[in-house]
Amino acid sequence: TNLDKCIHTFFHLVFTFVWFLFFSKHLQIDTILKPLIYSVVFSFVFGIAIEILQNLITTSRDADVFDVVANAVGSILAIFAIIICNKFSILNSILKK
């Protein structure tokens with residue numbers, strides 16, 4: 001359903017943003033590029049792994065390529081959110097830099 005894809009998108013937006021905050025805090029570098037790449041790649045790989053596992057392990061669910069697309073859209077939206085937050089120095093206050 002469309003609601004399912006919206007949930008996937010929203011989850012991965014938040015998931016990617018939170019991982020970005022984690023990597024930003026723990027890598028302790030001044031640029032957002034490396035934590036951004038790490039968080040997007042992690043989110044994308046996690047989403048694909050979950051789709052593969054639910055196809056292999058469960059009997060009631062199948063892998064869906066459109067779920068992966070929705071996950072990627074969520075990560076892309078997170079990139080935009082991170083860039084906007086960085087532009088307006090919101091990340092500094094979140095990360096207490």
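Predicted model: local features only at pLDDT ≥ 70, side-chain atom pairs only at ≥ 80, totals over all residues.
How many helices and how many strands are there in the chain? I looked that up first: four helices and zero strands. Helices here are DSSP runs of H or I with at least four residues, strands are runs of E with at least two, and both are numbered from the N terminus. From the N terminus on, I read the order as α-α-α-α.

Residues are numbered from 1 along each chain as its sequence is written, and side-chain values use heavy atoms, with hydrogens and water left out.

**Whole chain.** I get a C-alpha trace spanning about 45 × 25 × 15 Å along its principal axes. Of the 97 residues, 32% count as buried (under 20% relative accessible area; exposed is over 50%, partly exposed in between, with a 1.4 Å probe and protein chains only). I also checked contacts, meaning heavy atoms within 4.5 Å: among those between residues at least 6 apart in sequence, 65% join residues at least 24 apart.

**His 12.** I found His 12 in helix α1, residues 2-27. Is His 12 buried or exposed? It is buried, at a relative accessible area of 3%. Leaving aside residues up to four places away in sequence, I see His 12 touching Ser 43, Phe 46, Gly 47, Asn 71, Gly 74 and Ser 75. With Asn 71 there is also a side-chain polar contact of 3.5 Å (a pair of N or O atoms within 3.5 Å; within protein, one must be able to donate a hydrogen and the other to accept it, and residues adjacent in sequence count only if both atoms are side-chain atoms).

**Cysteines.** I looked for disulfides, that is, pairs of cysteine sulfur atoms within 2.5 Å, and found zero. Cys 6 is partly exposed, with a relative accessible area of 49%, whereas Cys 85 is buried at 15%.

Which loop holds Gln 28? I place Gln 28 between α1 and α2 (33-57). Gln 28 is not a glycine, yet its phi is positive, about 50°. Gln 28 is exposed, with a relative accessible area of 69%. Ser 89 sits in the loop between α3 (65-87) and α4 (90-95). I noted a positive phi for Ser 89 as well, about 60°, although it is not a glycine. Ser 89 is partly exposed, at 42% relative accessible area.
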